[in-house]
Amino acid sequence: MVKKIFRSTLMVALGILFLAIMLIMGVLYSYFAQVQKEQLQTETSLVAQGVNLEGKSYFNHLKVSGVRMTWIDHKGDVLYDSQSNAKKMDNHANRKEFKEALAEGYGESTRYSSTLTTKSLYLAQRLDDGTVIRLSVTQHSLLLLYIRMFQPFALIIILAIALSIWVARYTAKRIVAPLNDLDLDQPLQNEAYDEISPLLRRIAHHQKALSKQEALLNQKKEEFDTIISKIKEGIILLDAKCQVISINDAAQQLFQTDQTCLGKDILQITRDLSFHKWLKSGLAGQKQEGIIQFDKESYKVLIRPILFDGHVTGLVILLFDVTEQLQIEQLRHEFTANVSHELKTPLHVISGYSEMLVNGMVSSEDAPYFAGKIYKESKRMVQLVEDIINLSHLDETDQVPMETLDIYAIAKNVLDSLATKASQRQIHLHLTGQPTMMLGNPALIHSVLYNLCDNAITYNRDKGSVEVTITSDKKHVFLAIKDTGLGIPKEEQERIFERFYRVDKSRSRKVGGTGLGLSIVKHALKLHEATIQVRSQENIGTQMLLTFHK
Ligand code: ADP
């Protein structure tokens with residue numbers, strides 16, 4: 001702007017200077033020409049008087065320089081000329097000033113030289129005898145004047161340019177200075193030029209509108225941030241350069257970062273290679289998803305490109321915790337594999353032995369042994385299928401019908417039904433306690449106690465004992481099943497509740513175990529919001545401690 005003002009001011013100053021010089025020169029030139037003309041008029045009338053009085057002799061003692069005098073008779077023939085031989089001169093009858101003087105007593109005319117650099121002024125006056133006296137002077141033309149004045153003009157113009165430059169620069173700076181000092185944050189507080197008041201008012205108006213919009217945007221952003229910060233799932237917004245625009249608390253925790261990562265490249269918060277591969281595809285406009293591991297937790301990553309006018313302007317990254325889901329899937333997978341494996345073994349035995357019987361490969365004495373094996377394996381299969389059905393029922397239900405039951409009566413019933421099995425190995429069963437009422441599902445409680453007592457007998461030593469003790473307080477019922485058996489190694493105690501998990505596989509199979517009993521116990525107790533604690537010492541015995549809400 002300073003440059004523009006400077007240039008314009010300079011141009012105007014120079015233009016005015018040039019015009020002024022031209023004009024002044026013109027005016028002065030015409031003024032002096034006029035003065036010269038008036039002088040020549042006076043001189044003409046003086047000479048006319050002199051010739052009138054003295055005739056041709058008047059010229060004899062006349063000494064004039066610069067002025068040419070010509071005496072012309074009434075036909076136009078030159079009688080006398082102060083600069084040339086009169087006889088050799090042309091007839092002047094056609095000269096304008098001569099014709100006018102003859103007609104009106106006075107005449108004048110101006111004639112330029114062929115080069116236009118000089119001009120001659122002719123004044124003529126008619127004398128009493130009808131002759132005409134003419135005086136002329138030669139003047140420089142205005143053009144010559146300009147040409148002659150070029151040098152001083154050039155000097156003046158150079159000086160004027162220097163002065164104009166200084167003035168223009170100074171003026172431009174002075175004009176712009178208040179504009180530079182404007183406080184655009186508070187446009188109405190400025191006291192600059194009146195001319196820019198409307199502009200300042202408009203700026204103020206726009207600023208007001210802008211700050212309103214900014215406040216609205218901030219409010220919306222805050223709302224958005226609050227919402228996404230409350231979401232359990234991780235959310236990250238990236239721009240097209242993969243710089244973080246927004247990241248919620250959940251994602252910050254996962255990537256162990258904070259708000260300082262805003263505006264930075266996502267590369268700085270994760271170096272996971274597959275994640276970067278997905279981002280790349282996302283930027284190419286493709287939807288991406290995969291699993292990423294954070295410590296022990298698995299997260300599903302969804303990457304969705306944000307498209308605007310067919311261009312990717314950013315990416316949304318969503319992170320879902322799928323640890324449990326994957327574990328369940330894994331369990332289901334293992335369960336299916338285990339079930340088929342567990343069923344395959346008895347089926348092989350049954351089909352092998354029955355084939356031998358059918359083909360008469362077994363003698364009649366051995367037949368009962370093979371039949372017994374088939375019976376045992378089929379019973380195990382039935383037990384397995386029953387356990388699987390029970391487990392899948394428990395898997396599907398969140399709630400079971402509850403009623404008031406006497407846990408002591410159930411425990412007694414369970415021990416009664418296991419009495420034969422216990423007596424075969426001379427194991428003593430004891431029940432201590434008294435009728436205790438609590439809320440529960442009778443079938444499930446029965447199943448829990450049966451499985452635990454059955455294990456206490458199965459994994460006991462011969463002639464050992466099983467003690468079932470029922471106690472209670474105001475809110476809880478406590479049940480302890482203590483055996484004198486093999487015990488469970490410390491590191492296995494957690495795992496015995498897993499499906500198909502056995503401490504000693506071959507032994508468990510031999511005794512007809514399915515590996516599902518304690519899983520059923522765990523599930524059934526979960527539905528009762530009850531807990532189970534294992535206390536066991538190898539070769540001394542195991543104690544299962546159950547706590548129910550009354
Ligand atoms: P199983 O059908 O094999 O008995 P469970 O789920 O009931 O399956 O038990 C899982 C494993 O826990 C058993 O195989 C056994 O090794 C161990 N176990 C359960 N109860 C006892 C106990 N009272 N004493 C020793 N080991 C036990």
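The centres of domain 1 and domain 4, taken over C-alpha atoms, are separated by 149 Å. These belong to a division of the protein into domain 1 (2–148), domain 2 (231–321), domain 3 (326–396) and domain 4 (403–549), with bounds that come from an automatic or database domain assignment. The model is predicted: local features need pLDDT of at least 70 and side-chain atom pairs count only at pLDDT 80 or more, while totals for chains, interfaces and linings use all residues. Residues are numbered from 1 along each chain as its sequence is written, and side-chain values use heavy atoms, with hydrogens and water left out.

The protein has 13 helices and 17 strands, which are DSSP runs numbered from the N terminus (helices H or I, at least four residues; strands E, at least two). UniProt, in an unreviewed entry, places the feature "transmembrane region" at residues 12–32 and 145–168. UniProt positions are given in the numbering used here, feature names are shortened, and annotations may be inferred rather than shown by experiment. Residues 12–32 are 100% helix and 0% strand, with end C-alpha atoms 30 Å apart. For residues 145–168 the figures are 96% helix, 0% strand and 31 Å.

The unreviewed entry also carries the annotation "domain: Histidine kinase" over residues 338–550. That stretch is 48% helix and 21% strand, and its end C-alpha atoms are 36 Å apart.

The ligand is surrounded by 19 residues, the closest being Asn455, Ser508, Thr514, Gly515 and Leu518; a residue counts as near if one of its heavy atoms lies within 4 Å. Helices α11 (442–458) and α13 (517–527) each supply at least two residues of this shell. The shell divides into 8 nonpolar, 8 polar and 3 charged residues (nonpolar: Ala, Val, Leu, Ile, Met, Phe, Trp, Tyr, Cys and Pro; charged: Asp, Glu, Lys and Arg; polar: the others, Gly among them).

Oxygen atoms of the ligand lie 2.9 Å from a side-chain N or O atom of Tyr459, 2.7 Å from a backbone N or O atom of Thr514 and 3.3 Å from a backbone N or O atom of Gly517. Of the 530 Å² of accessible area that the ligand has on its own, the protein covers 95%, by the Shrake-Rupley method with a 1.4 Å probe.

How values were computed:
Polar contact = N/O pair within 3.5 Å; in protein donor to acceptor, adjacent residues only side chain to side chain.
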